[in-house]
Amino acid sequence: MDKIKIVNQIIQERRSTYPAQFSDVPVDNEVIKQMLENANAAPNHGKTQPWRFVVFSGDGIKKLATFQSELYKKNTPEDKFNQNTYEKLQENPLKCSHIIAIGMKRQETAKIPEIEEIEAVGCAVQNMYLTAQAYQIGAYWGSGGVTYVENAKEFFGLGKEDKLLGFFYIGNIAKESPISIKKPIEDAVKWITE
Ligand SMILES: Cc1cc2nc3c(=O)[nH]c(=O)nc-3n(C[C@H](O)[C@H](O)[C@H](O)COP(=O)(O)O)c2cc1C
């Protein structure tokens, strides 16, 4: 297959696969390392390479699960506390082989607009998504849980000006996602030709 066919196929067939669809067979660390290498090849403005990743696997996943559920408990007033949310924060991560926390490290000089640093991290995550697809590994970018919680950032080595942008959940696929039906691209594009 030539490069064009391969890239089109990988992009078009990419799907999000959620932790409930993962098997309990762990993903090889070498695959994770390739995903990270490919993330690092993403476009970014001013060579800032603003992505920061923390990879959790094995007992590290239990550490993440405990951290996020306990932080939820600490941050939530008693009358708002939801036991189901607490348990999900504790149990969902355990379905994954690896979880990569996705961070954006703000440039010291703040010369590059923040939005461009976030966009660059989005490009890096897409590279991980496509790598996962090529290896037929399940993955999905989730922005729930402690993603936008200010006092979660330190746990992931992020400072005040940095951002936690979510988590990339990874596992071998037990149950495939159905084909994705997207709205046609024509709805989102205007051509100006003269
Ligand atoms: C920045 C970002 C954040 C997302 N956060 C969530 C999330 O919190 N929960 C969720 O179910 N899906 C989340 N998704 C995944 C989308 O729901 C998923 O990409 C969408 O359903 C389209 O499916 P597909 O990836 O298979 O094409 C997120 C995707 C992006 C790009």
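The model is predicted: local features require pLDDT of at least 70 and side-chain atom pairs pLDDT 80 or more, while totals for chains, interfaces and linings use all residues. Residues are numbered from 1 along each chain as its sequence is written.

Four strands form an open sheet in the order E1-E2-E4-E3, with antiparallel pairing. Strands (E, at least two residues) and helices (H or I, at least four) are DSSP runs numbered from the N terminus, and two strands pair if DSSP finds at least two bridges between them. E1 and E3 stand at the edges with a single partner strand each, so one side of each has no neighbour in the sheet. E1 and E2 (residues 98-104) are joined by 7 bridges in the antiparallel sense; Trp51 has Met104 in E2 as its bridge partner.

Two residues other than glycine have a positive phi. Gln49, with phi near 40°, lies in the loop between helix H2 (29-39) and strand E1 (51-57). Gln136, with phi near 55°, is found in the loop between helix H5 (114-134) and E3. Gln49 has 16 other C-beta atoms within 10 Å and is partly exposed, whereas Gln136 has 11 and counts as exposed. Here, 20 or more such atoms make a residue buried, 12 or fewer exposed, and numbers in between partly exposed, with C-beta atoms placed from the backbone.
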